[in-house]
Amino acid sequence: LWTPLSDEARARRRRLLNAILVVQGSISLLGMFMGDVLKPGPTPVPWLAAIPIVVLGFGSIAWLNRTRFELAAGVLISLTFVLTAGSAYNATDELGVISAGAHLLAPVLVASLTLGPWVTLLVSAATLVVVVNVGLTTDIPTNAAALLVLLHLSVHPLMVLASLVWQLDMRALSDQARAQEMLFTNISHELRTPLNGIMGLTELTMTTPLNHEQRRYMGLVHT
């Protein structure tokens, strides 16, 4: 799992992270729109004013993704974790707490699709701590809190497994690219050596006395 990735594998990871940024940005704007327009009462940030904030934030991560994939993915995971945990703690009703607790699956999912199984395990452990703490410190019923914890305990192993499969697929892609590169290098070497010998002998032959037809043939070989 620690072998370096090929250029194609790194490009695939960057494309995936950009797709995640588009999806998460759209979901964030949709959530702000529903909270601002569909719910009565004032909201901290109007959704129209939040558009440049979301675009700037996720656009900055996408720009960082061009050269520093791991850092961009780490920033996205941290941002997702903080926002979803904050929503769970700040929810004012039972449905809001359960919904925000379910949304805490998002940072684990992002980690599983970007940074591999070990980071996914770390994010999973941190998320479980937050979920348990939310269940203990908020006013939701015990059975709802237990159901929320059970949801995370059921889904997290699947995400870790998916992350492992994804990581192995990236390594296989990298190994295939390296094998093709070695094959082309060996073929080039095996072809270049005899061709150099043919060209050298052709030049030596052309320095010897030849009739017109033989010299024409040697010239065709040499060119």
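Is H156 buried or exposed? I looked this up before anything else. H156 is buried, at a relative accessible area of 3%; buried means under 20%, exposed over 50% and partly exposed in between, with a 1.4 Å probe and protein chains only.

**Basis.** I worked on a predicted model, in which local features need pLDDT of at least 70 and side-chain atom pairs count only at pLDDT 80 or more, while totals for chains, interfaces and linings use all residues. Residues are numbered from 1 along each chain as its sequence is written, and side-chain values use heavy atoms, with hydrogens and water left out.

**Fold.** I found 8 helices and 0 strands in the chain, in the order α-α-α-α-α-α-α-α. Helices (H or I, at least four residues) and strands (E, at least two) are DSSP runs, numbered from the N terminus. Of the 223 residues, 28% are buried. I then turned to contacts (heavy atoms within 4.5 Å): taking those between residues at least 6 apart in sequence, 67% join residues at least 24 apart.

**H156.** I placed H156 in helix α7, residues 142–206. Beyond its neighbours within four places in sequence, H156 contacts L105, V108, S124, T127 and L128.

**Cores.** I next listed the nonpolar cores, each a set of buried Ala, Val, Leu, Ile, Met, Phe, Trp, Tyr and Cys residues joined through side-chain atoms within 4.5 Å. The largest has 18 residues, and L17 and L76 have the most contacts inside it. At least two residues of this core come from each of α1 (7–38), α2, α3 and α5 (105–114). Helix α3 supplies the largest share, 5 residues. Not counting residues up to four places away in sequence, L17 touches N65, F69, A72, A73, L76 and T114. I also noted a second, separate core of 11 residues, with A88, V130, V131 and V134 among them.

**Surface.** The chain exposes about 13900 Å², 71% of it from carbon and sulfur atoms; accessible areas come from the Shrake-Rupley method with a 1.4 Å probe, and for residues only the protein chains shown count as cover. I located T67 in the loop between α2 (47–65) and α3 (69–90). T67 counts as exposed because its relative accessibility is 60%. The C-alpha atoms of T67 and R14 lie 9.3 Å apart, with the two residues 53 apart in sequence.
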